[in-house]
There are 2 protein chains.
Amino acid sequence: MRNICMTVSYDGTSYNGFQSQPGLNTVQDRLERAIALLAGEEVKITASGRTDAGVHARGQVFNFLTSSQIPLNRWCMAINARLPDDIRVWDARQVADDFHSRRWAKRKTYRYSIRVGKYMDPLRRHMEFYHPTALRIDAMREALTYVEGEHDFTSFCSIRTVAPSRIRTIYEARLETEEADKHLQSSVFHIYLTGNGFLYNMVRIIVGTLMQIGEGKREASHMKAILEARNRGLAGPTAMAHGLMLWEVFYEDSPIIT
Amino acid sequence: MRNICMTVSYDGTSYNGFQSQPGLNTVQDRLERAIALLAGEEVKITASGRTDAGVHARGQVFNFLTSSQIPLNRWCMAINARLPDDIRVWDARQVADDFHSRRWAKRKTYRYSIRVGKYMDPLRRHMEFYHPTALRIDAMREALTYVEGEHDFTSFCSIRTVAPSRIRTIYEARLETEEADKHLQSSVFHIYLTGNGFLYNMVRIIVGTLMQIGEGKREASHMKAILEARNRGLAGPTAMAHGLMLWEVFYEDSPIIT
């Protein structure tokens, strides 16, 4: 048996999230079906983590064991030929027998995209949360500085979180701006969060709180106070799924994605 | 009655083209329905030209007569609230009584986008034609120089073209490259064509021929020979619709879109 690790991009719009669920259409099901068709055997894939319904991925990572002898350099093209066109694998490598995409992940980066201004872009509507009124970008940048570092993120995870520890480290939290689309009188902001792990809905609750800070409903320093309170009820709402993308997963100090 | 001119972006993926056709879902129908709901009267819109099924628009222009007294600065937001989210109007102005979006158009720009390389981008699949193997970009650029100027484009229009004259002027034909997406081992080229008018399928046939030149199936100089032959049978195939976008329409030497 070989342990094969692959990287995949997908448009999450049409899927009930990544992880298999009975009777639902998931990215995992599509991948497992495509691999089974190719390898001629059932496979069970393990991903670096779940993504919710509507969430996209640029570089989701998963691995699986197979007895197939198909050469490694043929896997991506052959699997893509068996996938719908909103899912594409773009990297395949053989990894150590005990490699596990979730347990071995050292860092992950998520991106959340917000279009701010008069008009949304109908051609990017599935990938950008649209916010019609201006946001205080400087206040949002200040708030992001409080998120960096090791914290108990109880305030910023779903009450359905089952993880035993809510302590995570955010190595970098930054906000980047794209050049404005003058004709639409709007522009896009991307919030990148890189950490050693993320709790359930953590990025979306941080972003939902950030947007309230951007709207002037809260001060930037509230971000610090909310963190310290360890109370989900004090944070903002969970931002909508379609603005979120799993950007990159890093292993062993060197990125598996280049 | 006021003559109102609007500019609209749309994702053409779900539509049977711009122009109304019995029993089909078209952008024009959606716009006319939204305007009628707002204005409280039936309207008939005139666009700068048709776009085929699957073709997108960044800046399609249309106009219509209405007796509605709604202030001009409210039209866009109010119509957008009555449109599906793959269509967005973003400019409205009152124009001369005899303004006609098609007849008064002086120049139009179309963009055709091609992703070349190992993997397609599943998040942009509706907006990029995917070409897995390399293209000779220099040869394509040379071929585009033959397209510029005033020519009889009989070779580059559908045999169903009914226009009395096939002479058109291309003011600019250029190819731009986007930064490569390293992870997908692919990059995107945009072909921009600006002219005083375009015959049926003209951009798509020029691009289909350019791709054959890029593939090395033809020499760049064939573009000149095909033009001179005035024979549709000598040109390449009609490139697929989803790579094409109506980029901008210009009126009276000053762009109506800014």
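**Talking through the A–B interface**

Modeller: Over residues 8-101 of chain A, the chain is 20% helix and 27% strand, with the end C-alpha atoms 13 Å apart. Bear in mind that this is a predicted model.

Colleague: What makes residues 8-101 a stretch to look at, and what does UniProt place there?

Modeller: The UniProt record, an unreviewed entry, puts the feature "domain: Pseudouridine synthase I TruA alpha/beta" at residues 8-101 and 145-252 of chain A. That annotation may be inferred rather than shown by experiment. Over residues 145-252, chain A is 22% helix and 31% strand, and the end C-alpha atoms sit 26 Å apart.

Colleague: Why is the pair A:R125 and B:D85 called a salt bridge?

Modeller: The side chains of A:R125 and B:D85 come to 3.1 Å, N to O. The cut-off is 4 Å between a side-chain nitrogen of Lys or Arg and a carboxyl oxygen of Asp or Glu, so the pair at 3.1 Å qualifies. It runs between chains, from A:R125 in the loop between β5 (105-117) and β6 (129-131) of chain A to B:D85 in the loop between α2 (75-80) and β4 (87-95) of chain B.

Colleague: Which elements make up the side of chain A that touches chain B?

Modeller: β1 (2-10), β3 (56-66), α2 (75-80) and β4 (87-95) of chain A each supply at least two residues. The largest share, four residues, comes from β4(A). By class, that side has 14 nonpolar, six polar and eight charged residues.

Colleague: How do you know how much area is buried between chain A and chain B?

Modeller: An interface is often sized by the accessible area lost when the parts come together. Here the buried area is about 2,400 Å², with carbon and sulfur atoms giving 67%. A:Y119, A:L123 and A:H183 supply 29% of what chain A buries against chain B, more than any other three residues. In contact terms, 28 residues of chain A meet 28 residues of chain B; the cut-off there is heavy atoms within 4.5 Å.

Definitions and conventions. Residues are numbered from 1 along each chain as its sequence is written. Chains are lettered from A and ligands numbered from 1 in the order in which they are written. This is a predicted model: local features need pLDDT of at least 70, side-chain atom pairs count only at pLDDT 80 or more; totals for chains, interfaces and linings use all residues. Side-chain values use heavy atoms; hydrogens and water are left out. Buried area is the accessible area (1.4 Å probe) that two parts lose on being put together, summed over both. Ala, Val, Leu, Ile, Met, Phe, Trp, Tyr, Cys and Pro count as nonpolar, Asp, Glu, Lys and Arg as charged, and the others, Gly among them, as polar.
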